[in-house]
Structures are given as C-alpha cells and as structure tokens.
Amino acid sequence: MKKTILITGAGSGIGLDTAFALAARQHRVIATTIDEAQSLTLKAMALTKGLSLEVFKLDITSAQDREKILSLELDVLINNAGVGESGSLAEVDIDRIRHVFEVNLFGTLALTQLALRGMIQRQRGTVLLVSSIAGRIPMPFLMPYSMSKFALSAAGAGLRAELQQLRCGVHVALIEPGAIHTGFNQAMTESKYAWMGKQSYFAAHVARLKAEEKRTFQFLEAKTTESIVSQIVKAAEAKKPKLRYVAPWIQGFGVRLARIFGV
Ligand SMILES: NC(=O)c1ccc[n+]([C@@H]2O[C@H](COP(=O)([O-])OP(=O)(O)OC[C@H]3O[C@@H](n4cnc5c(N)ncnc54)[C@H](OP(=O)(O)O)[C@@H]3O)[C@@H](O)[C@H]2O)c1
C-alpha cells in the first residue's frame, strides 16, 4: 500500500537517500529541509532523477515551521533531522549541549506530538525516530550528541509503550544507525577543536585524539547509506514495526556485546 511519508532533514545524507528510495517505491514523499536553499537543490535533484518529491522548508526547532504538517494526513513521520556536537563533558559549554537537545530531542518530540494528533484520530500511523548506536553506549568526547540520542531512544521506547495502551493503531520505532560515511561524524568530531584552546584539560591530547578519531571512523564507517536506508524503508512499510532497526548489523552486534560486557 502506498503511503504518505514525511521526512525531516532530507537535504543531505541518510535523509536524502531515504527520500529518494521511498519515492522510487511510489510512496507520496514529503521531503523537508532545514532551509529554502536545500529545498531548491533537493527539488532539482529529484527532477534529474525523474522522481516525484514534495519539498518544503521545515526547521524542526521552529514552531511556525512545525505547524505546516498539521494540514497533512501522514501515514509515516520519519524524524531524521539531527545535529552532532563533541567535546568533553568536563568542559563543554552547556549551551552547546542545550542546542543539541533542542534539535535532536525537543524539536523532534514537538513535531512528533503534532503528527500524533492526526494519527491517533485516524487510528493509524507510524512514527520513526532516527536515533543512533551512540544512544546505546556512551561515546567519550561525543557525549553531547550521545546523551541526546540516549534520551531520544528512551523517548521512543517509552512513547511506543504508552501508545500500545491506547490500542490506537499508531506505532513508534527506533532507527539506530551505526557509523555511516555522510560527513556527519567528521563535522561532529571536528566541532570541539573550534573551542578547545590551550586552556582545555585535553590540550596535550589533541593530536592523539584527532588521529584516533580519524582511524576509528575510517575503519568503522559504512561507505554508503544503503544498509540503513533499507532498514528505514522496511520500518516505514511495516504493518507493525518492531522497536529497533539497526544497521550495519555488524556495528549493532558490536554494541550488543559492549552492553553485555557492561560498557
Ligand atoms: N552518519 C552517521 O554515522 C549517523 C550515525 C547514527 C545516527 N545518525 C543520525 O542520522 C540522521 C541523519 O544524519 P546524516 O548522517 O545523514 O547527517 P546529515 O547529512 O548532516 O543529515 C542531517 C540533516 O538534518 C538537518 N538538520 C539539522 N538541524 C535541523 C533542524 N533544526 N531542522 C531540520 N533539519 C535539520 C541537517 O541540515 P544541515 O545540512 O544544515 O546540517 C542535515 O540535512 C541524524 O539524526 C544523525 O544523528 C547518523
């Protein structure tokens, strides 16, 4: 059955590839972007690919933008928009953490609440929350981001259990990507070096940290979004989606092991 699916943060990376994959499967895809410039580029890309996408600006931290979805009868909301932020919790400016939570948790939840109004009334719908395996195990020096994804994963599991009590036909599922090469991880790990000066507790560790981060992501990152996009498509099309969709599977397996051994 073809569905009406809205996705946030579709101007790049996983969101963009998911929007195209869903459109190629003949769903009605409403691909939203953080700004008008990305909307224009996305429309042009869709045209070149011969795919039909409806595109508009939806900054999830803007209440005015969020209200745009009230006129839509959504079958699926894919909360993909997200930001990264790094730095040690010992010294990172609290406002940087606040901003990550504003986007990754509060903006996402506020948009979800608006989508749920129609879904609960119509007694059907699916909300997908793109969290992260960084929301399952703490990631040193990525904690501003990791904490926001822990909170989002907890929110998703809790909301799912609450809606199950209503038996209203509305499902909630978590998408938990591992490291995927979209440029997101590089921007996130770099962000801390803009403010970590000589006064940083970790000033003497910067060269080592940078080298380790480069090595880790070069080794870990999946080179394409294919594995996670196919999981998102699966969750969006499922009659009763399961709680978690994780990809690449090997990274998901690694996280399970790490949790068993108490990381
Ligand atoms: N890549 C990975 O390894 C990885 C792993 C686990 C989870 N994830 C999650 O997957 C999702 C997509 O990430 P990605 O790798 O595809 O990176 P990405 O290309 O940076 O995608 C994130 C998108 O969200 C947009 N965005 C940021 N703030 C927004 C806001 N307030 N309103 C609307 N859109 C906003 C970004 O816009 P800008 O272009 O302006 O930044 C960007 O287009 C994120 O939630 C991320 O946390 C990624």
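Me: Against which elements do the buried residues of α5 pack?
Reply: Helices (H or I, at least four residues) and strands (E, at least two) are DSSP runs, numbered from the N terminus. Buried means under 20% relative accessible area, exposed over 50%, and partly exposed in between (1.4 Å probe, protein chains only). Packing here rests on contact, meaning heavy atoms within 4.5 Å. The buried residues of α5 pack against α4, β5 (125–130), β6 (170–177) and α6.

Me: What kind of model is this?
Reply: Residues are numbered from 1 along each chain as its sequence is written, and side-chain values use heavy atoms, leaving out hydrogens and water. Local features need pLDDT of at least 70, side-chain atom pairs count only at pLDDT 80 or more, and totals for chains, interfaces and linings use all residues; the model is predicted.

Me: Which residue follows α5?
Reply: Look at the phi angle just past the helix. It is positive there, near 45 degrees, and the residue is Arg167.

Me: Is Asn104 buried or exposed?
Reply: Asn104 belongs to helix α4 (residues 94–122). Its relative accessibility is 1%. Asn104 therefore counts as buried.

Me: With which side chain does the side chain of Asn104 make a polar contact?
Reply: A polar contact is a pair of N or O atoms within 3.5 Å; within protein, one must be able to donate a hydrogen and the other to accept it, and residues adjacent in sequence count only if both atoms are side-chain atoms. A polar side-chain atom of Asn104 lies 2.9 Å from the backbone nitrogen of Val83. Residues that Asn104 touches, beyond four places away in sequence, include Tyr145, Lys149 and Leu152. Its side-chain partner, at 3.0 Å, is Ser148.

Me: What share of the ligand's exposed area does the protein bury?
Reply: A ligand nitrogen lies 3.0 Å from a backbone N or O atom of Ile60. Ligand oxygen atoms lie 2.8 Å from a polar backbone atom of Asn80 and 2.6 Å from a side-chain N or O atom of Thr182. Taken alone, the ligand exposes 870 Å² (Shrake-Rupley method, 1.4 Å probe). Of that, the protein buries 88%.

Me: Is Lys192 buried or exposed?
Reply: Lys192 sits in the loop between α6 and α7 (206–220). Residues it touches, beyond four places away in sequence, are Ser86, Gly87, Phe141 and Glu213. At 0% relative accessibility, Lys192 counts as buried.

Me: Which side chain joins that of Asp95 in a polar contact?
Reply: Asp95 lies in helix α4. Its relative accessibility is 47%, so it counts as partly exposed. The polar contact is 2.7 Å, and the partner is Arg98.
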